[in-house]
Amino acid sequence: MQDAAPDLPALLRRWRARRTRADLPGADPTAADGPVTQAVMAEQLGISEHHYRRMETGRRPLSSDAIAGISRTLALHPDEQLALYRWAGRPVPPLLSPIAPDVPDDLRDHIDRLPFPAILEGPDFAILAHNRRAARACPWTARPGANVMVDLLLPGEGRDQCAQWEEHWAPPLLAQLRQGALANTALRAIVDRVCEDPQVRELWERTADLRRHAYGTVRPMYLEGAPTRPAWVRIMGWQPMHEPSLRVITGEPATAPTAAPQQAP
């Protein structure tokens, strides 16, 4: 409950003080800059200043929508968002925010030193960083705005690299996207976008898989330099403890899975 964390009102004020009006989403670059006051926050959230003041001081409960709006407006770190959800006694969503978190330099250095393709993926599956091997093997990963779900599910360079796409790639990707969208409605925009493709929409509508994870599976992929003969790669994923909103995704060389023996009739 809110009284279990008496420092949160003071922290909210400090989080506001870290930002200026020019930092806010959709800020007019020609408008005068200034501090983010309670009145500015109320305007951003579409509520009265009195309403916002009571929320910030703990005299009025914070709704989940209010927490999401405050987090977006102030670009809060996932750990700060987590504190707000717990303070307000609200359920903590598995994906706290579609805001792209900062990528620590040590994490960039780590993936650069890996001996196989690696990317850093945000909460909304956007590619935030990649190593040189990923850029060579899968050039689309280096494109600004690249998104794992969009680029591997919709027709284009990424999906073209997915050998046996309908069997090995689409099912685990759609299962992971469905699971994420149930927990975080912000991902519904990605669902709507990929389902504009008739083939993806047909697969989405006839499957209901939430169990298969997209990581840990071996799948065939056409890699740059060998466009006609697919290589088998093992897709793995980890979450850094110091930045759990990120996912480190690697494509490690693998051998083709052995087919299960046929049973005699």
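Q: Two strands pair if DSSP finds at least two bridges between them, and strands (E, at least two residues) and helices (H or I, at least four) are DSSP runs numbered from the N terminus. What stands opposite His130 in β2?

A: Ile119 does. This is a predicted model, where local features need pLDDT of at least 70 and side-chain atom pairs count only at pLDDT 80 or more, while totals for chains, interfaces and linings use all residues. Residues are numbered from 1 along each chain as its sequence is written, and side-chain values use heavy atoms, without hydrogens and water.

Q: How many bridges join β1 to β2?

A: Three, with β1 (residues 118-121) running antiparallel to β2.

Q: In what order do the strands of the sheet come?

A: The order is β2-β1-β5-β4-β3, an open sheet of five strands with antiparallel pairing. β2 (127-130) and β3 are the edge strands with a single partner each, so one side of each has no neighbour in the sheet. From one strand to the next, the twist averages 35 degrees.

Q: And what joins β3 to β4?

A: Six bridges connect β3 (residues 217-223) with β4 (residues 226-238), and the two run antiparallel. Pro220 is opposite Trp232 in β4. β4 also pairs with β5 (residues 247-253), again antiparallel and over six bridges. There, Met236 is opposite Thr250 in β5.

Q: Switching to helices: at what angle do α2 and α3 pack?

A: About 105 degrees, with the axes 8 Å apart; α2 covers residues 38-45 and α3 covers residues 49-56. That makes α2 roughly perpendicular to α3, a label for angles of 65 to 115 degrees. Axes are lines fitted to C-alpha atoms, for helices over the stretch in contact, and angles run from 0 to 180 degrees between N-to-C directions.

Q: Which residues of α2 meet α3?

A: Gln38, Ala39, Met41, Ala42 and Leu45 in α2 do, and their counterparts in α3 are Glu49, Tyr52, Arg53, Met55 and Glu56. Contact here means heavy atoms within 4.5 Å.

Q: Different topic. Which Arg lies over the face of Trp204?

A: Arg178, at 4.0 Å from the ring centre. Arg219 lies over the face of Trp169, at 4.5 Å from the ring centre. To count, NZ of Lys or CZ of Arg must be within 6 Å of the ring centre and within 35 degrees of the ring normal.

Notes. Angles under 35 degrees count as roughly parallel, over 145 as roughly antiparallel, 65 to 115 as roughly perpendicular and the rest as oblique.
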